Amino acid sequence: MQSRFVVCVAVLCGIVLGDVRVGQAQTESEVLQSRQRGIEFLKSKQVRDGNWEFTGHEVGITALCTIALIENGVPLTDPVVQKGYLYVQKNYSGQKNTYDLALSVVLLSRLGDLRDKPRIRAMAARLVAGQLESGGWTYTCPAVESDVLDDPAKLPKPKEGFGDNSCTQ
């Protein structure tokens, strides 16, 4: 079930999978129908409290699904988009996972509510603190306060290593 969900998100994010005809492009109508089916699928999988389920990454997957809906033409005022946005707003604070933090920053920035600036700064501080000496990241970032952005001397010393390339893409 989770793999089908992840594939659907990937398709909505622009990765074309599946029924590709050799030498013949999809028609605009086929593309629009596929996008609409993907949107309907994502909307149907949202949980009552506004998140999408992906064990251990509920905030990150919710941000990703909400971004996918927005980028595929679902209005910012759509109730499903709003529920996803509110879920991320309410649950961002304990996040340490690089992907979850980055996706949450993208979503909150995309919605453009200036009241989200402290949330974005808090997550950005963790991402900055998690960057390795080489410039890459691992899967987790340390919990730091956003004031490290104002005083770099408060940042923890970057760890050595190259991290995981999937975290730097």
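Okay, one term before we start: by a nonpolar core I mean a set of buried Ala, Val, Leu, Ile, Met, Phe, Trp, Tyr and Cys residues joined through side-chain atoms within 4.5 Å. And keep in mind that what you're looking at is a predicted model.

So, the core. The largest one here has 27 residues. If you want to find it on screen, look for Leu 42, Trp 52, Leu 69, Val 88, Leu 107 and Met 123, which have the most contacts inside it. Who supplies it? At least two residues each come from α2 (28-44), α3 (58-71), α4 (79-91), α5 (98-111) and α6 (117-130). The top contributor is α3, with eight residues.

Let's stay with α3 and see how it sits on α5. In general, you describe two packed helices by the angle between their axes and the distance between the axes. Here the axes of α3 and α5 come within 8 Å and cross at roughly 40°. That angle makes α3 oblique to α5, and the crossing is left-handed. On the α3 side, the residues that touch α5 include Val 59, Ala 63, Ile 67 and Ile 70. Among their partners in α5 are Leu 103, Val 106, Leu 107 and Arg 110.

Last stop, α6. How far should its 14 residues span? At 1.5 Å a residue you'd expect 20 Å, and the end C-alpha atoms are 20 Å apart, so the two agree. Several α6 residues are buried, including Ala 122, Met 123, Arg 126 and Leu 127. And what do the buried residues of α6 pack against? That's α5.

Technical notes
Residues numbered from 1 in each chain as written. Predicted model: local features only at pLDDT ≥ 70, side-chain atom pairs only at ≥ 80, totals over all residues. Heavy atoms only, no water. Buried < 20%, exposed > 50% of the residue type's maximum accessible area, 1.4 Å probe, protein only. Helix = DSSP H or I, 4+ residues; strand = E, 2+ residues; numbered from the N terminus. Expected span 1.5 Å × (residues − 1). Contact = heavy atoms within 4.5 Å. Axes fitted to C-alpha atoms, helices over the stretch in contact; angles between N-to-C directions. Parallel < 35°, antiparallel > 145°, perpendicular 65-115°, else oblique. Left-handed = near helix turned anticlockwise from the far one by under 90°.
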